[in-house]
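Dear colleague,

I am passing on the structure we spoke about, and below it you will find my notes on what turned up when I went through it. Please read them with the structure open beside you.

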Amino acid sequence: METRYVPQLAVLISGRGSNLAAIAEAIETGALHARVAVVISYRADAPGLELARRRGMTTLVMPHGDHASRDDYDRALVTALALYKPALICLAGFMRRLGAGFCDAFPNAIVNIHPSLLPSFAGADAQAQALAHGVKVSGAT
């Protein structure tokens, strides 16, 4: 019997979990050969955490306010993620900037989903910012 490697994903969220739901559906339909090993949010009230729990996914809440600095938070996040050995980390609406130390810990293994063509319109409500600015072309990064 052949066993096929299943890449482990870590999905970091901040809100509803709509990107997480799309990832989970792609896995369920076979469009994506992977497994969500952990879902992490810095917000305990993020609705996406409940979505993850209903799907039987492991969840962690890691409030950034529990850490003295951005670098301290990044280090704690790296430590937590390392336990799950993710092949890919999906920043799926994760509304925190992560520093070089975080990125260096997972080279070529981080995907950021953002609803604008970065660096334009960073942060929340990117589509509203683009409309208010009157841009002719927009997209996602």
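Leaving aside its neighbours within four places in sequence, which residues is Ile 89 in contact with? Please bear in mind throughout that this is a predicted model. With those sequence neighbours set aside, the contacts of Ile 89 are Ala 10, Leu 12, Leu 81, Phe 102, Phe 106, Ala 109, Ile 110 and Val 111.

Ile 89 belongs to β4, where it stands opposite Ala 10, and its bridge partner in β5 is Ile 110. As for the strands themselves, β1 and β4 run parallel and are joined by 4 bridges, while β4 also pairs in the parallel sense with β5, residues 110–113, again over 4 bridges. Together with helix α4, which covers residues 100–105, the strands β4 and β5 make a right-handed β-α-β unit. Because 4 of the 5 residues of β4 are buried, this strand is largely enclosed by the rest of the structure.

The packing gives a second view of this region. The largest nonpolar core has 19 residues, and those that touch the most other members are Leu 12, Leu 77, Leu 81, Ile 89, Phe 94 and Phe 102. Two or more residues of this core come from each of β1 (8–13), β2 (35–41), α3 (70–82) and β4 (88–92), with the largest share, 6 residues, coming from α3. Apart from it lies another core, of 17 residues, which includes Ile 13, Leu 20, Ala 34 and Cys 90.

A search of the whole structure finds 0 disulfides. Cys 90 is in none, and the nearest cysteine sulfur to it, that of Cys 103, is 14 Å away.

With best wishes

Conventions:
Residues numbered from 1 in each chain as written. Predicted model: local features only at pLDDT ≥ 70, side-chain atom pairs only at ≥ 80, totals over all residues. Heavy atoms only, no water. Core = buried A, V, L, I, M, F, W, Y, C linked by side-chain atoms within 4.5 Å. Buried < 20%, exposed > 50% of the residue type's maximum accessible area, 1.4 Å probe, protein only. Contact = heavy atoms within 4.5 Å. Pairing = 2+ DSSP bridges. Right-handed = clockwise from strand over helix to strand, strands pointing away. Disulfide = S-S within 2.5 Å.
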